[in-house]
Amino acid sequence: MSSNRRDFLKTTAGVAAATATGTLLAPSVASAQGAWSNQPEKGAKLRVLRWKRFVQGDEDTYMANVKKFTEKYGVEVRVDHEGWEDVRPKAAVAANTGAGPDIILSTNDDANLYPDKLLDVTDLAEYLGKKYGGWYPVCQQYLKPDGKKWIGVPLGCAGNALVYRESAIKAAGFSSVPKDTAGFLKLMQALKEKGMPGGFALGNATGDGNTWTHWLVWSHGGRLVNEKNQVVIDSPETIRALEYGKSLYETFVPGTLSWLDPNNNKAFLDGQLGITANGISVYYAAKNSADAKVKEMTADINHANFPIGPVGRPTEFNLFFNQMIFRYTKYPRAAKEFLRFMMEEEQVSPWLTASIGYVTPALTVYEKHPVWNDPKSIPYRDSMKIMLPSGYSGKMGYASAGALADFIVVNMVAEAVSGSKTPKEAAERAQKRAERYYKV
Amino acid sequence: MTSAAPPAGGTRWLDNRNVLGALFMLPAAVLLLAFLTYPLGLGVWLGFTDTKIGRPGEWVGFENYEFLWGDSVTRLALFNTLFYTLVASIFKFGLGLWLALLLNKHLPFKAFIRAIVLLPFIVPTALSAIAFWWIYDAQFSVISWVLTKAGLIDRYIDFLGDPWNARFSTIAANIWRGVPFVAICLLAGLQTISPSYYEAASLDGATPWQQFRYVTLPLLTPIIAVVMTFSVLFTFTDFQLIYVLTRGGPLNATHLMATLSFQRAIPGGSLGEGAALAVAMVPFLLAAILFSYFGLQRRRWQQGGGDA
């Protein structure tokens, strides 16, 4: 897998070279691709449903881009914003009833729940891929499940990385966050000793709970299912991960079992946490805070990727974003044109800048984007490159979505690390619960 | 009236009382059928299928129920729900009755105080739940803060992070919200009791306790039955409070049937299983209703006697 990816990136590196002129594309390369012709239907109108912003800059620029599209093509676009966890049921109902928004921006494995209800966007995905340096391999697992047909256009992912206070790390005797799990544990122990402990959500937190617990299990070689979708979570690797998690948990700030998605942001911005895991939104919030004390913290905040465990490669889990066009749309060409327009560099670039990289784009050319010039944002630049897909290492579908929504992995980790069950018991229970979804 | 001939034979049937009656009932019947019977029936039917959101299901008989019976999380949720309902209802009844008796006395600013008492009930649950979320926060809890400053504890109380703490914390929030409803309803009941009973009782030399036991309580029982039935139903089906405070965590210790049903059905996509979970609540609710109607409203009980 990694050798493939390296070759893949090498071949695309040339495309991404010309940043100096203000555009990421060498003009010759751009014109060489150029093969896109599409005309929106006359009198077309579009309805778009997307997840509600996590950072204000995202929504502002996105809507400005929508306005530009309407002005250019005369296509009226209505955009609805909903909390990201509410988009899933709505999208599923739209797929089932054959009525609703023409385009839905959704999360994780959604597109794999109703692939036959989605418009084939292979031409668009290939056009964009060629023009912008190719899609990261993980995109194909999400949106090109059969290896031939694209059922959606990848947008990118909300990277989840370690967010820490530089002063706390220094006080604990470290110059940076160790890149391996053993060193990371030492850092966590030292942080606790110095009174600036770390903490990661262990409540039923859809975002922050799932991301780090999956990293934990995967980093030690555990996984919910194998390539054949057989449940294999009750394994020695998982037990090792849980035992490591247990020693990690001992260093946590109290109360993490009750943490939902917002808790770590609150505690971090209040100065109680030395390290946690989050999107770049904490940094964004500090940077744009009206509170002088919080703003002051900006200089002290830094980010790092999750450490690498015994498996020897990154095992991060990030929130993936799809863009799906539903087959029932009356204006398939306008819908495609809308997505193409929004994915062109002229639109993506200001959007990326305004949201300081909250969404890591799915096209490799944007690795060179100036938004990543802030060294503190570099871990998020690589989020697409190093993440593993939802339902790893099986196929995506109802089973993977259901298992994730039922917090099977989060509960297992919480039970084991808090000592309410032994790692073995917790893994056995997770195995049973997961088998129900993957129907043995 | 007689001068105007009926315009057509078709209007004469409107003169029939039965037809007219049925016609007047029609809107209500349609509303009930469309918004009550149909969803309920659909829910029951879904519980027997493996429907997923976005995909129609097939009839699977009792498979969902068989699975739920063997599912440890469901069993835990059932236990949580019963525990939550039982403890919260007992406290709500006790505190509510106490408050009602106090409010029934002649207090200065009576109307004002009664209005204040209702406040927790008036505030939307989602809002009061957010307030409790802050009160119980692991890092920002005002209770922990005060106790720490007062030197009574040296570390913050883990209100929502420990399974039993979380159960009691959510129950406390539920009680806080539910007491006013019970109190105000019982107060209304108290005011229907004629003062002459108390006069007669005091002439007979009854102590305040005897007055309460043999006058107030028997006359209040029908109201208590209705109020507590409602209270139990509300508590058993609670959702918002848990969803805001814990989402069922920690370790699923506060998952109620309603929250688990939602988690499985909507974010999890298993509509059939979620529906089965919701339907599984019905027998418990029916039992609560039957108990109050056939038990608490018995004349003998109301008159303070036993069954024998």
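In the predicted model, the centres of domain 1 and domain 2 of chain A, taken over C-alpha atoms, are separated by 29 Å. The domain assignment of chain A places residues 36-157 and 318-378 in domain 1, and residues 161-316 and 406-437 in domain 2. Where the domains meet, 10 residues of domain 1 of chain A are in contact with 11 residues of domain 2 of chain A. The side contributed by domain 1 comprises five nonpolar, three polar and two charged residues.

The largest nonpolar core contains 196 residues, and A:Val163 and A:Val413 have the most contacts inside it. The greatest contribution to this core comes from helix α7 (residues 163-191) of chain B, which supplies 10 residues. Because domain 1 and domain 2 of chain A both give residues to this core, the core lies between them. In soluble globular proteins, nonpolar side chains tend to be buried together.

Leaving aside residues up to four places away in sequence, A:Val413 touches A:Leu202, A:Thr213, A:Leu216, A:Leu242 and A:Gly245. A:Leu242 and A:Gly245 also take part in a contact between two helices, in which they and A:Lys246 and A:Tyr249 of α10(A) meet A:Val413, A:Ala416 and A:Val417 of α19(A). The residues of this contact divide into five nonpolar, one polar and one charged. Two packed helices are described by the angle between their axes and the distance between the axes. For helix α10 (residues 236-249) and helix α19 (residues 408-417) of chain A, the axes come within 8 Å and cross at roughly 65 degrees. The crossing of α10(A) with α19(A) is right-handed.

Contact between the chains involves 34 residues from chain A and 29 residues from chain B. On the side of chain B that touches chain A, 11 residues are nonpolar, 12 are polar and six are charged.

The setting of A:Lys72 was also considered. This residue belongs to helix α3 (residues 56-73) of chain A. A:Lys72 has 10 other C-beta atoms within 10 Å and is therefore exposed, the limit for an exposed residue being 12 or fewer. Between A:Lys72 and A:Trp150, the separation is 78 residues in sequence and 27 Å in space, C-alpha to C-alpha.

Methods:
Residues numbered from 1 in each chain as written. Chains lettered and ligands numbered in written order. Predicted model: local features only at pLDDT ≥ 70, side-chain atom pairs only at ≥ 80, totals over all residues. Core = buried A, V, L, I, M, F, W, Y, C linked by C-beta atoms within 7 Å. Buried ≥ 20, exposed ≤ 12 C-beta atoms within 10 Å, placed from the backbone. Helix = DSSP H or I, 4+ residues; strand = E, 2+ residues; numbered from the N terminus. Domains from an automatic or database assignment. Contact = placed C-beta atoms within 7 Å. Axes fitted to C-alpha atoms, helices over the stretch in contact; angles between N-to-C directions. Left-handed = near helix turned anticlockwise from the far one by under 90°. Nonpolar A, V, L, I, M, F, W, Y, C, P; charged D, E, K, R; others polar.
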